[in-house]
Amino acid sequence: MESRETPPTYFRLSKFTRGFQNLVDAYGVANYREINPAPYAIITFPFLFAVMFGDFGHGLLMTLFSGWMVLNEKPLIAKKSNSEIWNIFFGGRYIILLMGFFSMYTGFIYNDFFSKSLNIFGSQWSARNYELFYLLKQREVMLDPKDMYAGNPYPIGIDPIWQIAENKIQFLNAYKMKVSIIIGVLHMVFGVSISYWNHKFFQQRINIICEFIPQIVFMIFLFFYLCILIFHKWTSYWANGGVEAGPHCAPSVLILFINMVLFKTTEQVGDCEPYMYGGQKDFQRFLVVIALMCVPWLMFGKPYLIYKHRQLAHSKMNNIAEGINNEGDHTHLQMADSGIPLSEHENEEFSEIMIHQGIHTIEYVLGCVSNTASYLRLWALSLAHAQLSEVLWGMVMCIGLGQTSWYGGIILYFIFAAWATLTIGILVMMEGLSAFLHTLRLHWVEFQNKFYCGQGYPFAPFSFEIILEATAGAEGE
């Protein structure tokens, strides 16, 4: 039976994928045969959460709790609890399990275990140039990377020496900020790339030419290039790099990028080169010019092609009308057989098309800037979580560990109970909920709006019981 009604959407789900699909459906149910973001969210969602929640110990607690729910899910389901909070936790047990696994991984990379670092592979820094007598008298010493760094990075993650360094926050600030930008740009580029497969499947060639191509070019020529500059700075400047490649000559990536967009020349300071490589100034101007050309392409390209298509369709309709004597259904039949391509905006006013495309262009261009900045929440929440964990250890646990009297063990018992309670209540549950909500926002706003419409409706099998319940509910209102 032919129908103009859009078919409903149905996905085959398992107990593992259902939780991630519910997160996507809370944003909007996918249109019929539209790409479903849930399979990608199985990896990206717990990973982005873990970037903000990176602590091996806290991730271990989440893994143990969710693992207990997974291993005992059959008896727990049989109990049929009426607690709404418990049902939410239990329904998302596989999400919590993956978030715990990924948090353990990022905690291992950050070398954070309940705010402490583990010296597993041995630090690559040493104070070998100082005399032991001098070290015993000094509270702090300066480690110059030219002489006191082995030259080989810590095998996995961050060197444990940074845990006791006075400039720990400055170092982690710079590191996590740049990593957040790189992750965010890659996540958005992936979202724009997925839109190509949507357009290709629905045979929307005009969207590929006038939306996907300018969007991906704009994103790569500006923001992906920013990520390349970050990697270039990491690999081109070091302590023993001499005059031009030394740390004092490393240019600010932020200043370079701002000058690039504003077509300003970076001034030379001392003997340091103002740019990272030869021809960078001209190459950056070329990238900005091409990126700016994508804006009118994105704004006027699609309306122009729709306008030309309508003119062509109108002229063909006139030619068909002149070739026949009868009107009505015969004209419609010959138009259908004439091979005229139909547009998704066929019944939409041209002025509305222009307004819609203008809003879409402004939203995308400004969104590239705001969304990139939005991923800095990965850096902010990661630092906040690490500092809160460190403060809790220093102000609570250290009190018990510092006891030297005979009753110190009794005090430590109660101090540990207080520290464990605050760790689970604040750092795991409250901070975990905060990181979860921020991750949800990054997927809904920054990632899914690049390709996902979410204007469908779920498939519901025919059932007299459902019809009677809906009727009773309508009568009750």
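Analyst: Start with burial: a residue is buried under 20% relative accessible area, exposed over 50%, and partly exposed in between, with a 1.4 Å probe and protein chains only. The model is predicted, so local features need pLDDT of at least 70 and side-chain atom pairs count only at pLDDT 80 or more, while totals for chains, interfaces and linings use all residues. Residues are numbered from 1 along each chain as its sequence is written, and side-chain values use heavy atoms, with hydrogens and water left out.

Now the salt bridges. Side chains of opposite charge can pair when their charged atoms come close. The cut-off here is a side-chain nitrogen of Lys or Arg within 4 Å of a carboxyl oxygen of Asp or Glu. The structure holds 5 such bridges.

Take K15 and E73. Their side chains meet in a salt bridge at 2.5 Å, N to O. This pair links distant parts of the chain, 58 residues apart: K15 is in the segment before helix 1 (18-27), and E73 is in helix 4 (residues 73-79). Helices here are DSSP runs (H or I, at least four residues), numbered from the N terminus. E73 has a relative accessible area of 7%, so it counts as buried.

Next, E390 and K168. Their closest N and O atoms are 3.0 Å apart, and they form a salt bridge. E390 lies in helix 15 (residues 377-401) and K168 in helix 9 (residues 168-201), so the pair ties together parts 222 residues apart in sequence. E390 is partly exposed, because its relative accessibility is 28%. K168 is buried, because its value is 9%.

Then K302 and E211. This salt bridge has its closest N and O atoms 3.3 Å apart. K302 sits in helix 12 (residues 280-322) and E211 in helix 10 (residues 205-236), so parts 91 residues apart in sequence are tied together. K302 is buried at 5% relative accessibility. E211 is buried as well, with a relative accessible area of 10%.

Helix 10 also holds F212. F212 has a relative accessible area of 14%, so it is buried.

What sits in the loops? Between helix 9 and helix 10 lies Q203. Q203 is exposed at 72%. Its phi is positive, about 55°, although Q203 is not a glycine. N111 is another case: its phi is near 60°, again positive in a residue other than glycine. N111 lies in the loop between helix 6 and helix 7 (132-137), and it is buried at 7%. For context, most residues other than glycine have a negative phi. P247 lies in the loop between helix 10 and helix 11 (253-261). P247 is exposed, because its relative accessible area is 52%. The C-alpha atoms of P247 and M317 are separated by 70 Å, and the two are 70 residues apart along the chain.

Now helix packing. Two packed helices are described by the angle between their axes and the distance between the axes. Helix 2 (residues 38-52) and helix 6 (residues 93-110) pack at about 50°, with axes 8 Å apart. Axes are lines fitted to C-alpha atoms over the stretch in contact, and angles run from 0 to 180 degrees between N-to-C directions. Helix 2 and helix 6 are therefore oblique to each other. Under 35 degrees would be roughly parallel, over 145 roughly antiparallel, 65 to 115 roughly perpendicular, and the rest oblique.

Last, the nonpolar patch on the surface. Its members include L61, F65, W68 and L388, and together the patch residues have about 980 Å² of accessible area. Areas come from the Shrake-Rupley method with a 1.4 Å probe, and for residues only the protein chains shown count as cover. Patch residues have over 30% relative accessible area and no salt bridge; nonpolar side chains (Val, Leu, Ile, Met, Phe, Trp, Tyr) are joined within 5 Å, like charges within 9 Å. Helix 3 (56-71), helix 5 (84-91) and helix 16 (408-447) each supply at least two residues. Helix 16 gives the most, 5 residues. F65 lies in helix 3 and is partly exposed at 36%.
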